[in-house]
Amino acid sequence: MVDVTIIGGGIVGLAAAHELLKQKPSLKVILLEKEPQVGQHQTGHNSGVIHSGIYYKPGSLKAINCRRGIELLLEFCNHYDISYDMCGKVIVATTEEELNTLGMLHVRGRENGISGLKMLSAPELLEYEPHAAGLSALYCPETGIIDYLQVCRQFSANIQENGEIAAGAAVVSIEDRPNGITIATETDEYETRFLINCAGLFSDQVAELAGAKRQVRIIPFRGEYFMLREQACHLVKNLIYPVPDPRYPFLGVHFTRTIGGGIEAGPNAVLAWAREGYKKTDIDVKEMWDYLSYGGFWRMAGKYWTTALGEYYRSFFKGAFVNALQKLVPEITADDISTSPAGVRAQALAPDGGLVDDFVINDTGTMIHVINAPSPAATSSLAIGEHIAGIYAGING
């Protein structure tokens, strides 16, 4: 019998284990990860951005945890000598309609406590990004780049000083009994007093295994990327983002310098045919039926089908993707980009067809379920870990 079992070895699950053991090293904690190594899905397929919190509604879990998360993440990286670069980014308005949203982001950023924000005219934008084009831009200095897998490796090392990580442990059943919780994997059984579900793309299904009703459904969206070839890397200095469409929790096609020195372009966001559908050809009929049989999916489709068609068009036609990039950097051509591995975002979808915009963390007395933790979850991971540890302490004294 252990005190706490965490399901999911992405950065959120690792951060939760790290924080629990940091606060109470005597706890018996085990983390179950279905893959041979931790951080193999959303954590290992993101763009490595340290987000500032500029997009999130003040007072939301995203805003609070992102701002606290940056502070904790940089302290952690400084302590363990993990490389990062707070290089800043520009958010560029390319149409008159986007100027109001840009102004709203400026106000929201200040309300969230971001310092150094600066509105830029078109000529001033060129001082930050000489090859970018726009009517105006917002400079945000509290944005950076990092390799989150390095952070995960350090979390893993810290956890295993007092706790345990079991890799290759895919959970198949959960039984909540009066004297504890029994978790079965394909090869073993684990007895635990408390369960924390950080299963990411499968968080709703793990919650259901544990007896919780699925109030929202996880829908997988594939984010498809390109990398700039060496001849074009000079066109982007740091990070160039468009003004996001406020109707969606996605940020649009943008340019990101990676900590390794490359330049990433993307992503677009298309519905994936499997929860781990990193390729266009990855299809899981059972997982597709899980969302196709959900009323919320069809309500979402009714609202956003025209946008979805545009995303799929850009997915299958490289020229359309290049056109989107050229709105920000006109000199980019099709010869300047090559395909890069895609990522899959676990997006919670409400019964009314709404894309859930905030983190969703539920507790049921002996369990905590992290149901929705998309971007900026990596930036926020240590703050989410603190939040989870706080809920645990409140329940268990």
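I take axes as lines fitted to C-alpha atoms, for helices over the stretch in contact, and angles as running from 0 to 180 degrees between N-to-C directions. Helices (H or I, at least four residues) and strands (E, at least two) are DSSP runs, numbered from the N terminus. This is a predicted model, in which local features need pLDDT of at least 70 and side-chain atom pairs count only at pLDDT 80 or more, while totals for chains, interfaces and linings use all residues. Residues are numbered from 1 along each chain as its sequence is written, and side-chain values use heavy atoms, with hydrogens and water left out.

**Entry 1: helix α2 and its partners**

I looked up α2 (residues 61–80) against α5 (residues 148–162) and found an angle of about 75°, with the axes 11 Å apart. That makes α2 roughly perpendicular to α5; I note the classes as roughly parallel under 35 degrees, roughly antiparallel over 145, roughly perpendicular from 65 to 115, and oblique for the rest. The contact (heavy atoms within 4.5 Å) uses Leu73, Phe76, Cys77 and Tyr80 from α2, and Tyr148, Val151, Gln154, Phe155 and Asn158 from α5. I sorted these residues into seven nonpolar, two polar and no charged. Ala, Val, Leu, Ile, Met, Phe, Trp, Tyr, Cys and Pro count as nonpolar, Asp, Glu, Lys and Arg as charged, and the others, Gly among them, as polar.

Next I checked α2 with α10 (377–396). Their axes come within 6 Å and cross at roughly 105°, which makes α2 roughly perpendicular to α10. Among the residues that meet are Leu73 and Phe76 in α2 and Leu382 and His387 in α10. This contact divides into nine nonpolar, five polar and two charged residues.

**Entry 2: the nonpolar cores**

A nonpolar core is a set of buried Ala, Val, Leu, Ile, Met, Phe, Trp, Tyr and Cys residues joined through side-chain atoms within 4.5 Å. Buried means under 20% relative accessible area, exposed over 50%, and partly exposed in between (1.4 Å probe, protein chains only).

The largest core has 45 residues, and Ile6, Val151, Phe155 and Ile196 have the most contacts inside it. Elements giving two or more residues to this core include β1, α2, α5 and α10. I found that α10 gives the most, with nine residues. Another core, of 27 residues, lies apart from it and includes Ile174 and Ala346.

**Entry 3: strand β2**

Which way do the residues of β2 point? Val29, Leu31 and Glu33 point one way and Ile30 and Leu32 the other, and all are buried. Five of the five residues of β2 are buried, so β2 is largely enclosed by the rest of the structure. Four bridges join β1 to β2, and the two run parallel. Two strands pair if DSSP finds at least two bridges between them.

**Entry 4: the eight-stranded sheet**

I read the strand order of this open sheet as β6-β7-β5-β14-β15-β16-β13-β17, with mixed pairing. β6 (118–121) and β17 (337–349) stand at the edges with a single partner strand each, so one side of each has no neighbour in the sheet. The twist averages 30° from one strand to the next. β13 (residues 217–228) and β17 run antiparallel and are joined by 11 bridges.

**Entry 5: glutamine 205**

I placed glutamine 205 in helix α6 (residues 203–209). Glutamine 205 is partly exposed, with a relative accessible area of 25%. Not counting residues up to four places away in sequence, glutamine 205 touches Arg214, Arg275 and Asp290.
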